[in-house]
Amino acid sequence: MKGCYILLIKLNESKTIEVGRLGKIEFKEGFYAYIGSGMNNVLRRVERHFKKDKKLRWHIDHLTVQADELYALIIPTDAKIECELAKVFSVNFEAVEGFGCSDCRCKSHLFYLGNLR
């Protein structure tokens with residue numbers, strides 16, 4: 001199944017995480033939303049995000065292995081809507097600049113949602 005997904009990632013405390021070429025990033029306590037796609041097999045891609053023991057290949061891998069809670073919303077679609085969703089999130093939430101968007105022109109694919117308490 002092809003599709004797009006939104007990962008909801010919770011950090012119970014602020015953390016500094018080394019994220020590949022982006023270097024050290026200060027992540028605040030709270031929730032983050034990551035917009036991704038799996039145009040070959042979205043279910044397999046999302047399943048990989050939930051694994052703690054994996055090779056750290058993508059920016060998001062560095063964050064998901066540190067997550068205290070992780071949820072996923074899968075959007076089955078043949079359309080490439082990943083960047084459109086990221087643009088919607090960028091209007092409403094704080095972007096972690098350069099995160100998860102090395103293959104497009106988006107500002108980010110990761111957004112800080114706050115504490116949601």
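Here is a walk through the fold, from the overall chain down to its aromatic rings and charges. The model is predicted, so to speak of local features a pLDDT of at least 70 is needed, and side-chain atom pairs count only at pLDDT 80 or more, while totals for chains, interfaces and linings use all residues. Residues are numbered from 1 along each chain as its sequence is written, and side-chain values use heavy atoms, with hydrogens and water left out.

Let's start with the whole chain. The protein chain holds three helices and seven strands; these are DSSP runs numbered from the N terminus, H or I over at least four residues for helices and E over at least two for strands. Reading from the N terminus, the order is β-β-β-β-α-α-β-α-β-β. Along the principal axes, the C-alpha atoms fill a box of roughly 35 × 35 × 30 Å. The radius of gyration is 13 Å, which agrees with the value near 13 Å for a compact globule of 117 residues; it is taken over C-alpha atoms, and the globule rule is 2.2 Å times the number of residues to the power 0.38. Of the contacts between residues at least 6 apart in sequence, 64% join residues at least 24 apart, a contact being heavy atoms within 4.5 Å.

Now for the sheet. Five strands make an open sheet in the order β5-β1-β4-β7-β6, with antiparallel pairing; strands pair if DSSP finds at least two bridges between them. The edges are taken by β5 (69–76) and β6 (94–95), each with a single partner strand, so one side of each has no neighbour in the sheet. Strand β1 is joined to β5 by eight bridges and to β4 by nine. If you want specific residues, I6 has L73 in β5 as its bridge partner, I9 has Y32 in β4, and K10 stands opposite E69 in β5. Eight of the nine residues of β1 are buried, so this strand is largely enclosed by the rest of the structure. Buried here means under 20% relative accessible area, with exposed over 50% and partly exposed in between (1.4 Å probe, protein chains only). Across the chain, 46% of the 117 residues are buried.

Next, the helix that lies across the strands. Helix α3 (residues 82–92) lies across β1, β4, β5 and β7 (110–114), and runs at about 160 degrees to β4. Such angles run from 0 to 180 degrees between N-to-C directions, with axes fitted to C-alpha atoms, for helices over the stretch in contact.

Finally, the rings. Phe, Tyr and Trp rings (for Trp, the six-membered one) pair if their centres lie within 6.5 Å; planes under 30 degrees apart count as stacked, over 60 as edge-to-face and the rest as tilted. That gives seven aromatic pairs. Y5 and Y34 form a tilted one, at 6.3 Å centre to centre and 45 degrees between the planes. This pair links distant parts of the chain, with Y5 in β1 (residues 3–11) and Y34 in β4 (residues 30–38), 29 residues apart. Both Y5 and Y34 are buried. For F27 and Y32, the centres are 5.5 Å apart and the planes at 75 degrees, so this pair is edge-to-face; F27 and Y32 are buried too. Y5, F27, Y32, Y34, F99 and Y112 form one aromatic cluster.

W58 has charges over its ring: the charged end of R45 sits 4.5 Å from the ring centre, and R57 lies over the face at 5.1 Å. The rule asks for NZ of Lys or CZ of Arg within 6 Å of the ring centre and within 35 degrees of the ring normal.
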